Amino acid sequence: MNHNELLADAFDRVRTNVRGVVKDLTASELMARPSGVSGEGNSIAWLVWHLTRVQDDHIASAAGTAQAWTADGWAEQFALPFDSLDIGYGHDSAEVSAVRVESPVLLEGYYDAVHGRTLEFVRGLSVEDLDRVVDKSYVPAVTLGVRIVSVIDDCIQHAGQAAYVRGLVHSS
């Protein structure tokens with residue numbers, strides 16, 4: 001297995017998790033939020049939207065391309081009350097509640113569009129590309145390889161959180 005196949009496999013696993021989490025859920029199940037000690041937790045809709053926005057934003061930036069969110073009209077389809085560059089980082093409870101979708105089809109469609117762009121990008125990378133610095137604001141500077149692993153890690157964590165919420169929704 002080479003680095004391109006390895007990265008594609010990792011992102012394929014994210015896609016499998018996303019599809020499994022949203023499969024056959026109703027709008028109310030997608031919007032369900034677990035209550036905790038500090039208030040309302042994140043909904044499945046928000047978690048999947050956010051992980052997709054992060055992947056879209058970070059991979060598009062690394063690839064030097066437009067985000068699917070804006071370029072392919074997903075921002076208009078979702079019609080969320082946020083700036084078009086918002087990826088959900090730091091959202092409060094009211095902002096989490098604002099991410100509303102009527103069916104998993106919209107979430108799956110946006111994720112699939114981002115996934116396709118991601119696979120096209122990672123399949124074309126050389127080993128040398130992975131050492132290219134993509135963010136100098138950190139010490140040490142962030143390389144493309146580190147950024148891609150960070151995106152995969154973030155997506156897997158949020159997909160796992162969404163799966164947990166799905167389990168809570170289906171156990172009640």
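Predicted model: local features only at pLDDT ≥ 70, side-chain atom pairs only at ≥ 80, totals over all residues.
Local features need pLDDT of at least 70 and side-chain atom pairs pLDDT 80 or more, while totals for chains, interfaces and linings use all residues. Numbering runs from 1 along each chain as its sequence is written, and side-chain values use heavy atoms, with hydrogens and water left out.

The structure holds 7 salt bridges (a side-chain nitrogen of Lys or Arg within 4 Å of a carboxyl oxygen of Asp or Glu). In one of them, Arg 15 meets Asp 112 at 2.9 Å, N to O. Arg 15 sits in helix α1 (residues 3–22) and Asp 112 in helix α7 (residues 104–123), so this pair ties together parts 97 residues apart in sequence (helices are DSSP runs of H or I, at least four residues, numbered from the N terminus). Arg 19 also pairs with Asp 112, at 2.4 Å, N to O. Salt bridges with shared partners join Arg 15, Arg 19, Glu 108 and Asp 112 into one network.

Then there is Asp 86, found in the loop between α5 (74–78) and α6 (93–98). Asp 86 is buried but has no salt bridge (buried means under 20% relative accessible area, with a 1.4 Å probe and protein chains only). The nearest side chain of opposite charge, Arg 53, is 6.7 Å away (Lys and Arg count as positive, Asp and Glu as negative; His and the chain ends are not counted). A polar atom of the Asp 86 side chain does lie 2.7 Å from the backbone nitrogen of Gly 88.

As for the largest pocket, α8 supplies the largest share of its lining, 5 residues (lining residues have an atom within 4 Å of a point on a 1 Å grid; a pocket is an open set of points where a 1.4 Å probe fits, with protein on both sides within 12 Å along at least five of seven lines).

Technical notes: Helix = DSSP H or I, 4+ residues; strand = E, 2+ residues; numbered from the N terminus. Buried < 20%, exposed > 50% of the residue type's maximum accessible area, 1.4 Å probe, protein only. Polar contact = N/O pair within 3.5 Å; in protein donor to acceptor, adjacent residues only side chain to side chain.
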